[in-house]
Amino acid sequence: MRIQVNVYSAPWSSQSSVDALTFLEEALRQGYEISRVFFFFDGVYHGLSSQSPASDETNFLAQWQKIRNNDVELLLCIAASANRGLLDDAEAKRYDKEHPTIANCFSLTGLGQWATGFHDSDHIITFK
């Protein structure tokens, strides 16, 4: 069974980020195939490379890296990311910025990848 997971909220704004990670960890443990995780709206903040959580808070970036290590694509909506200042090397150059701001385990992509999930995944689970 193939599953696409969508994450629409910022890492620090609600319980849904923890729920998404818990769901993904358990789905992978049970052998489900995760086709992709697509981050949209404020969810793109999960890809911010400069996150520095306090020692008693969840390190979302480290948790997403673990998910990525299972060959799961972590895709940030390119438009939502650019609007919020999250840029890869190419977008940083395009917008004349000195440094990229997304973590290496994430990729920027268009809404086409989000829509692909409606065709190549058996289930789409959204965390808002």
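A polar contact is a pair of N or O atoms within 3.5 Å; within protein, one atom must be able to donate a hydrogen and the other to accept it, and residues adjacent in sequence count only if both atoms are side-chain atoms. The model is predicted, so local features need pLDDT of at least 70 and side-chain atom pairs count only at pLDDT 80 or more, while totals for chains, interfaces and linings use all residues. Residues are numbered from 1 along each chain as its sequence is written, and side-chain values use heavy atoms, with hydrogens and water left out.

**Stop 1: arginine 36**

Please select arginine 36, which belongs to strand S2, residues 33-39. Helices (H or I, at least four residues) and strands (E, at least two) are DSSP runs, numbered from the N terminus. The side chain of arginine 36 makes a polar contact with the side chain of serine 35 at 3.5 Å. Arginine 36 has a relative accessible area of 4% and is therefore buried; buried means under 20% relative accessible area, exposed over 50%, and partly exposed in between, with a 1.4 Å probe and protein chains only.

Contact means heavy atoms within 4.5 Å. Apart from its neighbours within four places in sequence, arginine 36 is in contact with a list of residues that includes Arg2, Gln4, Glu73, Thr116 and Asp120.

**Stop 2: threonine 116**

Next, select threonine 116, in helix H5 (residues 111-120). Threonine 116 and arginine 36 are 80 residues apart in sequence, and their C-alpha atoms are 9.9 Å apart in space. With a relative accessible area of 25%, threonine 116 is partly exposed. Its side chain reaches the backbone oxygen of glycine 112 at 2.7 Å.

**Stop 3: an aromatic pair in H5**

Remain on helix H5 and select tryptophan 114 and phenylalanine 118, which both lie in H5, 4 residues apart, about one turn of the helix. An α-helix has 3.6 residues a turn, so residues three or four places apart point the same way. The structure holds 9 aromatic pairs. In the pair of tryptophan 114 and phenylalanine 118, the ring centres are 5.1 Å apart and the planes stand at 85 degrees, so the pair is edge-to-face. Rings of Phe, Tyr and Trp (its six-membered ring) pair if their centres lie within 6.5 Å; planes under 30 degrees apart count as stacked, over 60 as edge-to-face and the rest as tilted. Tryptophan 114 counts as partly exposed because its relative accessibility is 25%.

**Stop 4**

Select leucine 74, found in strand S3. At 1% relative accessibility, leucine 74 counts as buried. Not counting residues up to four places away in sequence, leucine 74 touches residues including Val37, Phe39, Trp64, Ile67 and Phe106. The C-alpha atoms of leucine 74 and histidine 46, 28 residues apart along the chain, are separated by 9.8 Å.

Now extend the selection along S3. Leu74 and Leu76 point one way, Leu75 and Cys77 point the other way, and all are buried. In a regular strand the side chains alternate between the two faces of the sheet.

Two strands pair if DSSP finds at least two bridges between them. S2 and S3 pair in the parallel sense over 3 bridges, and valine 37 stands opposite leucine 74 in S3.

**Stop 5: helix H2**

Select helix H2, residues 60-68, whose buried residues are Phe60, Leu61, Trp64 and Ile67. They cover an arc of only 115 degrees around the axis, which puts them on the same side of H2; the arc is that of the directions from the helix axis to the C-beta atoms. Among the elements that cover these buried residues are strand S1 (2-7), helix H1 (16-29), S2 and strand S3 (74-77).

**Stop 6: two loop residues**

Finally, select phenylalanine 41, in the loop between S2 and H2. Its phi is near 55 degrees, a positive value in a residue other than glycine.

Aspartate 96 is exposed, with a relative accessible area of 71%.
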